[in-house]
Amino acid sequence: MEKKPVGIKNRESNIELLRIVLMLMIITHHLIVHSGLAKNALFISMDVFTIIAVNCFVFISGYYGIKFKAKTLLSFIVQAVFYSVATYLIYHAFISTEDYSTKELIHSFFPVTYVRWWFLSAFLGVYILSPFINKGIDSLNIYQSGFILIALLYLNCSYPVTKYNFYSGDGCTFFNLLCIYILARFCSKYIKDIKKPLILYICTYLLTLLLIYILLANSYADIAWRLIAYSSPLVILGAVLFFYTFRKIKIKSNVINKIAPLCFGVYLIHDTADTRSLIKGFIEQINNAVTNPLIMGLTVIGIAILIFIVCASIEKIRQIIFNPIIDAIDKKRSVLFLKIEKYNV
């Protein structure tokens, strides 16, 4: 039987909870790497734990299958332009001492093609191609799709060993997200369940951590950090196992289902270059004042939660204002988009 995509009115709370957890992990990862905290065992361990979040987000989309809608694509773009422009204007008007740049302001109106957020630009490419990917995977048998998947992963995952990868680099690319999406479509069709995914995930995490510590201890820091690139096989495997772990959770919550759709806005707000600069300075000040690594680790987690709450609140207000506008535009969308959406898988 063909799997139906999860609709707004039929969201699985366990997967929506996973989205929230992943966004908290992404914020924590950004706080660590952007502030240069990954210099002791605690923060290295935290960073290795959180690095799977981006891949897991894409895996969710692939597992349930993106249903292309012109309205959703428009909403993504409007959301990105709003936060790109708003954060630039607010930061340079009230916070930064740097000179205002008309050129940078103009660039902020083109956040997808100028790349304000690498993930947004890469994911929109996957989103646009998703109807063709879905139909293509569904038309192939297990051997054909398996062969294509193995070939794509081979092209995608060499970075930790070779340092250079023409196709995906360190994984902050469209190609890596495309590979993960296709992997998830394959798993959705042929791998409905994995036994004891939590134990397997913990083993993968500990193995990755052990290898990093060994490499760092032997002055191979460059290889160690490449091991947790987004295109690393261990990171991709960890993301898959983390997803299947939450698949086994049984939970129903309207609160979770209402919070989860705010996650993408949280990502956009907290990870603009201007917001990132502000948060980095704040974390560095706290780190200078706190000498105990454990207390600093708990502080970082607390700040991540606070950032999530603040950004989610802002995104909720934005949705209240902009959703009626998007709905009005959607009612006047062209016949072309209607024909395109008619052939969604």
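This is a predicted model: local features need pLDDT of at least 70, side-chain atom pairs count only at pLDDT 80 or more; totals for chains, interfaces and linings use all residues.
A residue counts as buried when its relative accessible area is under 20%, as exposed when that area is over 50%, and as partly exposed in between.

**Start with the whole chain**

Show everything as a cartoon. You will see 17 helices and zero strands. The radius of gyration is 20 Å, close to the 20 Å that the globule rule gives for 345 residues, so the chain is as compact as a globular protein of that length. Turn the model around: its C-alpha atoms fill a box of roughly 60 × 50 × 40 Å along the principal axes.

The accessible surface comes to about 17900 Å², and carbon and sulfur atoms account for 68% of that. Of the 345 residues, 48% count as buried. Contacts also reach across the sequence: among those between residues at least 6 apart, 81% join residues at least 24 apart.

**Colour by confidence**

Next, colour by pLDDT. The average for the chain is 90, and 93% of the residues score at least 70. Then select residues 1–9, where the pLDDT is below 50. Beyond near neighbours in sequence, this stretch has nine contacts in the model.

**Select the cysteines**

How many disulfides does the count come to? The count is zero. Zoom in on Cys172, which is in no disulfide: the nearest cysteine sulfur belongs to Cys157 and is 14 Å away. Is Cys172 buried, exposed or partly exposed? Its relative accessibility is 29%, so Cys172 counts as partly exposed.

Move on to Cys203, also in no disulfide. Here the nearest cysteine sulfur is that of Cys56, 18 Å away. With 46% relative accessibility, Cys203 counts as partly exposed.

Show the side chains of Phe, Tyr and Trp. The structure holds 28 aromatic pairs. Phe49 is partly exposed at 32% relative accessibility, whereas Tyr205 is buried, with a relative accessible area of 17%.

Now select Phe186 and Tyr190. Their ring centres lie 5.0 Å apart with the planes at 50°, so this pair is tilted. Both residues belong to helix H9 (residues 174–190), four residues apart, which is about one turn of the helix. Phe186 counts as buried at 13% relative accessibility, while Tyr190, at 28%, counts as partly exposed.

For a group view, select Phe68, Phe76, Trp118, Phe119, Phe123, Tyr127, Tyr230, Phe264 and Tyr267 together. These residues form one aromatic cluster.

**Last stop: Thr245**

Finally, pick out helix H12 (residues 233–247) and find Thr245 within it. Is Thr245 buried or exposed? At 15% relative accessibility, Thr245 counts as buried. Show its surroundings, leaving aside residues up to four places away in sequence, and you will find that Thr245 touches Pro197 and Leu198.

Terms used
Residues are numbered from 1 along each chain as its sequence is written. Side-chain values use heavy atoms; hydrogens and water are left out. pLDDT is the predictor's confidence in each residue, from 0 to 100. Contact means heavy atoms within 4.5 Å. A disulfide is a pair of cysteine sulfur atoms within 2.5 Å. Buried means under 20% relative accessible area, exposed over 50%, partly exposed in between (1.4 Å probe, protein chains only). Rings of Phe, Tyr and Trp (its six-membered ring) pair if their centres lie within 6.5 Å; planes under 30 degrees apart count as stacked, over 60 as edge-to-face and the rest as tilted. Helices (H or I, at least four residues) and strands (E, at least two) are DSSP runs, numbered from the N terminus. The radius of gyration is taken over C-alpha atoms; the globule rule is 2.2 Å times the number of residues to the power 0.38. Accessible areas come from the Shrake-Rupley method with a 1.4 Å probe; for residues, only the protein chains shown count as cover.
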